[in-house]
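Work through the two exercises below with the sequence and the 3D structure at hand. Each solution goes step by step.

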Amino acid sequence: MTERLVVASNRGPVSWQRGDDGGLEVAPSSGGLVTALGGALSDEDGTWVSLALGEADQEVAAANPGPFPVEAGDRSWRVRLLDVGDRYDPYYNEVANRLLWFTVHGLWGEPYEPRGEGWRDAWAAYTSVGEDVARAIVEAVGDDDGEVHLQDYHLCGSPRAVRAALPRARILHYLHTPWVGPSELRRLPDAVSEGVLAGLLGADVVAVSSPAWAAAFRRGAVQLLGAVADGDDLWFEGRRVSVASFVLGVDADALRTAADDPDVRAAGERIDAERDGRALLVRVDRTDLSKNVLRGLRAYELLLERHPEHRDRVWHYAILQPSRQGVEEYRVYLEACTAAADRIRDRFGERVLTFFVGDDYPAVLACYERYDVQLTTPVRDGTNLVAKEGPTLNQRDGVLVLSRDAGAADVLRDGALMVNAYDVEQQAEALHAALTMDADERRERAELLRRGAAQGAPHDWFANQRATLRAATTPRVERI
Ligand code: G6P
């Protein structure tokens, strides 16, 4: 029997905006989660529950109280858009993107942060949004048992709420972020850390992108909630929960198709002219604190300081997509990065660095194709798909300088130059090594990177999750 498939995430596959003519325009969303799931789900017969993010989304939600079909680009989905009103800000900005995101990425500036005050109302909003999402899921499942795939740290309370309403549902919750063990979780108020873990353990399978995050999840559940470990599984409140990891890779064909576009070719010509024979060092990221852009810029500055021979021979092009500017720390961080970029240009000349903050996907794809070095050095990252997209499209045997704390390191460490995200001196030396590497080594490493990036393409990644969910739940269903 095939259960009705429902997926739920904060950000859906598309969002709406008011165009210049005042009409509603739909556009595909970006970000790792949507990149992965959008492809995997576009030809599945299921419903995607997501939240209304802005005013235009809210209008669309008001006009469509139930699931409705949506098309963007060459893809289509059945979407249920949920408007949670004023609760969106505390749910998204306070709890999800501050408390939880900072905790799982190790971003707190101790001993000052987190301050531990003012969280109760935000947590109440987060909890009630999770319950609303659960209700929308239950409606979408109808009178079926349901196969439910929840996504990410925004919706940690929902599995438990869905389970309460649909005891026989098959539920998998995928966390696209890293996960952390008990000592880091304990920086959160107890109600939050315990609520998040207990909520997630309402699922049959808690899924992550790396075995390291799975092991951390088990340790936290055992120590904070008293769950009992049983091999890779956990027992909690009389139920078995599997904790599993799934490599998430790149859809190489989709990426090549996207790159085969006149806008990408035009961007490539512009980049080649500006590069003017120099080595191209690329960074592609959201302006997220976890991406470690500031230390990356400092590493580049150290490279130019200590190896003056590179000053005329390298061009660093950083393309940064603005992200979560509703959170103060994000705004302050972007200012700090911009100031660092200005300082580097003051010291070494305008030509050494282009620091672009905005959306320019054609330039991203054109950079992927032609970089000599890609710098991807997150403090911590669930996967870090850009580290896989670059090598997939690159045509120059480009070198990847990669942080060892990105989930992508699981499959890229043999091909990349691995660095400690906190050690800018080491990163500067890695950049020097990358820029001076001989052609044979570049070729060998690029081949390893391409092979690593191809593992776990989105369709396989999602199919593996469905198979694991089925295996984890089949005995229970048979008994009933
Ligand atoms: C990460 C998260 C996703 C999120 C994306 C973009 O990849 O795991 O859930 O959608 O960042 O962040 P945003 O806040 O813009 O949705």
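**Exercise 1: the sheet**

Strands β13 (residues 279-286) and β14 (residues 314-321) form a parallel pair with 8 bridges; strands are DSSP E runs of at least two residues, helices H or I runs of at least four, both numbered from the N terminus, and two strands pair if DSSP finds at least two bridges between them. The model is predicted: local features need pLDDT of at least 70, side-chain atom pairs count only at pLDDT 80 or more, and totals for chains, interfaces and linings use all residues. Residues are numbered from 1 along each chain as its sequence is written, and side-chain values use heavy atoms, with hydrogens and water left out.

Task: state which strands stand at the edges of the open sheet.

Solution. Step 1: write the strand order, which is β15-β14-β13-β16-β17-β18, with parallel pairing. Step 2: β15 (353-357) and β18 (417-419) are the edge strands; each has a single partner strand, so one side of each lacks a neighbour in the sheet.

**Exercise 2: the ligand**

Task: find which polar side-chain atoms lie by oxygen atoms of the ligand, starting with Tyr92.

Solution. Step 1: apply the polar contact cut-off, a pair of N or O atoms within 3.5 Å. Step 2: a polar side-chain atom of Tyr92 is 2.5 Å from a ligand oxygen. Step 3: for a side-chain N or O atom of Asp152 the distance to a ligand oxygen is 2.4 Å, and for one of Arg286 it is 3.3 Å. Step 4: the protein covers 91% of the 380 Å² of accessible area that the ligand has on its own (Shrake-Rupley method, 1.4 Å probe).

Technical notes. A polar contact is a pair of N or O atoms within 3.5 Å; within protein, one must be able to donate a hydrogen and the other to accept it, and residues adjacent in sequence count only if both atoms are side-chain atoms.
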